[in-house]
Amino acid sequence: MRLVVEGDLFEWRGPAPYHFVAVGPEGCDDLRAVSPVVSYGWGMIPARGTVGATAFTTSLWPHDGGYVVPIRDAVRLAEGLALGARVTVQLEIDTEG
């Protein structure tokens, strides 16, 4: 499954700061549909992502009834992304198992 997520980069401060892009409602519906097949512990969904020229592996996190895409510092720095930046993330989720 391929999914394009576009949103503003935001920060969540827990024990360590993380940066995320929220998945829109339609994307969340698609993710909920494949979640029973691809999810592991706590509803995490493994994915391969690309932001600009930077490819990475990650897991989408369930959050407030939707999903968010974590954007690691290595990706942020490579792409010159600051908080609030508009980000387009190309995601690929292996639904074949």
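**Burial, core and aromatic cluster in a predicted model**

Cysteine 28 has a relative accessible area of 5% and is therefore buried, the limit for burial being under 20%. The model under description is predicted. Cysteine 28 is placed in helix 1, an element that spans residues 25-38. When residues up to four places away in sequence are not counted, cysteine 28 touches Val23, Gly66 and Tyr67. Glycine 49 lies 21 residues from cysteine 28 in sequence, and the C-alpha atoms of the two are 16 Å apart in space.

The protein chain contains two helices and seven strands. Read from the N terminus, the order of these elements is β-β-β-α-β-β-β-α-β. The C-alpha atoms occupy a box of roughly 35 × 30 × 20 Å along the principal axes. Of the 97 residues in the protein chain, 38% are buried. The accessible surface amounts to about 5,600 Å², and carbon and sulfur atoms account for 53% of it. Among contacts between residues at least 6 apart in sequence, 59% connect residues at least 24 apart.

The largest nonpolar core comprises 23 residues, and those with the most contacts inside it are Val23, Leu60, Ile71 and Val89. Two or more residues of this core come from each of strand 1 (2-8), helix 1 (25-38), strand 4 (45-51), strand 5, strand 6 and strand 7 (86-92). The element that gives the most is helix 1, with four residues. The surroundings of valine 23 can be listed in detail: with residues up to four places away in sequence left out, valine 23 touches Leu3, Val5, Cys28, Leu31, Leu60, Tyr67, Val68 and Val69.

Strand 3 pairs with two other strands, as described next. Strand 2 (residues 10-13) and strand 3 are antiparallel and share four bridges. In this region, arginine 13 stands opposite proline 17 of strand 3. Strand 3 is also joined to strand 6 (residues 66-70) by three bridges, again in the antiparallel sense.

Five aromatic pairs are present in the structure. In one of them, the ring centres of phenylalanine 20 and tryptophan 61 are 4.9 Å apart and the ring planes meet at 70°, so the pair is edge-to-face; an angle over 60 degrees is required for this class. Because phenylalanine 20 belongs to strand 3 (residues 17-22) and tryptophan 61 to strand 5 (residues 54-63), the pair ties together parts that are 41 residues apart in sequence. Phenylalanine 20 has 3% relative accessibility and counts as buried, whereas tryptophan 61, at 23%, counts as partly exposed. Both residues belong to a cluster in which ring pairs link Phe10, Trp12, Tyr18, Phe20 and Trp61.

How values were computed:
Residues are numbered from 1 along each chain as its sequence is written. This is a predicted model: local features need pLDDT of at least 70, side-chain atom pairs count only at pLDDT 80 or more; totals for chains, interfaces and linings use all residues. Side-chain values use heavy atoms; hydrogens and water are left out. Rings of Phe, Tyr and Trp (its six-membered ring) pair if their centres lie within 6.5 Å; planes under 30 degrees apart count as stacked, over 60 as edge-to-face and the rest as tilted. Buried means under 20% relative accessible area, exposed over 50%, partly exposed in between (1.4 Å probe, protein chains only). Two strands pair if DSSP finds at least two bridges between them. A nonpolar core is a set of buried Ala, Val, Leu, Ile, Met, Phe, Trp, Tyr and Cys residues joined through side-chain atoms within 4.5 Å. Contact means heavy atoms within 4.5 Å. Accessible areas come from the Shrake-Rupley method with a 1.4 Å probe; for residues, only the protein chains shown count as cover.
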